[in-house]
Amino acid sequence: MKKAFVLITAVLLVVFALSSCATSSSGTPTVVGGWKYVGEDYTEILWFTDTGRYVCEYIEGDYTDIDIYDYEYVQDIEVDETNPSMDLYIDGYYKGDFFIEGNILHLDGYDYKRFTKTAKDNSSKIKGTWKCDLFKMAFISNGTFICDGYYRNNGIYRIEDERLLLDSNYDLDYLIINNTLYLEDDFDVSYSYYLKFERTSSAGVNSSNLSFVINYSPWTYVSDDGDYAYVYAIYQNGRYNAVRQSYLTGSTESYSGTYTFDNIYIYLSGDLNRTLTIAYVDNVLFGYSY
């Protein structure tokens, strides 16, 4: 969440040039971009966007912790000095003196090497498909979202006041830098405050209409415990057949009934009262039953 800044300074023969987080008025090299520090057993990656957002990724083995704040840096030009002093504020708090030499950012006693000058805030371009280590997700152009894998969910999404709203359950901070999505982890699937996703497409077009569902039928869904496979045959006449097969014993059970199709949902009635989800977003398949 964005925080308000309160910067209180005593001014004695000092002129403060407030940077817009890009290039300072005196031509000081911009801090915008991606920077990396490799320690003995950890790596730290810093991002400074062109809109004043800051990301810190701390990586140690399999553990990753991600924080997002606002940032601002202040250039102090003293009358008797030719070289300006630069102060960095993150989340409204003083971080430390810093300066840039070539592709090295000297910050708070550490030297970070620049690996890119591009850190564009693309938070308005969330449509498309994304993947992380735990699950993949899609934001469809019609306002539907779907997650598949470790965290399975779907519903309606919208962006409001720079927040991502997923149905009425989640009000999430998020940030897209270039083609990376940082999403507040209110799902409790990691130890980090934010999850990191990489973009796999950007159109957000779902090709899973009823004809797609019928033409590529039957569809196989494996139960959460992995003991059963459900195979669903979807027909043009509004009916379905299903077979449940046990991986443990090899036995099978057959079901049938009618269905209705709506957006990414197939609502079954009759022998199985279930809902199937099938989405084919930008050639990426999503699907599960519940």
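How many bridges join strand β2 to β3? Hi everyone, let me start there. The answer is 6, and the two strands run antiparallel, with β2 covering residues 33-38. Please keep in mind as we go that this is a predicted model.

Let's stay with β3 for a moment. A hairpin of 4 residues takes the chain from β2 into β3, and Gly34 has Trp47 as its bridge partner in β3. On to β4: β3 and β4 are also antiparallel, again with 6 bridges, and Ile45 stands opposite Glu57. These two strands form a hairpin as well, with 4 residues between them, and Gly52 in that turn has a positive phi of about 85°.

Now, how many of the residues of β3 are buried? It is 6 of 6. One side carries Thr43, Ile45 and Trp47, the other Glu44, Leu46 and Phe48, and both faces are covered.

That brings me to the packing. The largest nonpolar core has 27 residues, and Val31, Phe48, Tyr71 and Leu105 touch the most other members. At least two residues of this core come from each of β3, β4, β5, β6, β7, β8 and β15. There is also a second, separate core of 22 residues, with Tyr157, Leu172, Val189 and Phe197 among its members.

Is Asp67 buried or exposed? Its relative accessible area is 18%, and since the cut-off for buried is under 20%, Asp67 counts as buried. Beyond its neighbours within four places in sequence, Asp67 is in contact with Tyr54, Val55, Cys56, Tyr193 and Tyr194.

Next, the rings. The whole structure holds 20 aromatic pairs. One of them is Tyr89 with Tyr94, edge-to-face, at 5.8 Å centre to centre and 65° between the planes. Tyr89 is buried, at 14% relative accessible area, whereas Tyr94 is partly exposed, at 48%. Then there is Phe135 with Phe197: their centres are 5.4 Å apart and their planes are at 65°, so this pair is edge-to-face. Phe135 sits in strand β11 and Phe197 in strand β17, 62 residues apart, so to speak a link between distant parts of the chain. Both Phe135 and Phe197 are buried. If you like clusters, take a look at Tyr37, Tyr42, Tyr58, Tyr110 and Tyr112, which are linked by ring pairs.

Charges meet rings here too. The charged end of Lys136 sits over the ring of Phe286, 4.9 Å from its centre. Likewise, the charged end of Arg244 sits over the ring of Tyr228, at 4.3 Å from the ring centre.

Last stop, the open sheet of 7 strands. Its order is β18-β19-β20-β21-β22-β23-β24, with antiparallel pairing. Why is one side of β18 and of β24 left without a neighbour in the sheet? These strands, 219-222 and 284-289, stand at the edges, and each has a single partner strand. From one strand to the next, the twist averages 25°. Inside the sheet, β19 and β20 pair over 7 bridges in the antiparallel sense, and Tyr232 has Ala242 in β20 as its bridge partner.

How values were computed. Residues numbered from 1 in each chain as written. Predicted model: local features only at pLDDT ≥ 70, side-chain atom pairs only at ≥ 80, totals over all residues. Heavy atoms only, no water. Buried < 20%, exposed > 50% of the residue type's maximum accessible area, 1.4 Å probe, protein only. Contact = heavy atoms within 4.5 Å. Pairing = 2+ DSSP bridges. Axes fitted to C-alpha atoms, helices over the stretch in contact; angles between N-to-C directions. Core = buried A, V, L, I, M, F, W, Y, C linked by side-chain atoms within 4.5 Å. Phe/Tyr/Trp six-rings, centres within 6.5 Å; stacked < 30°, edge-to-face > 60°. Lys NZ or Arg CZ within 6 Å of the ring centre and 35° of its normal.
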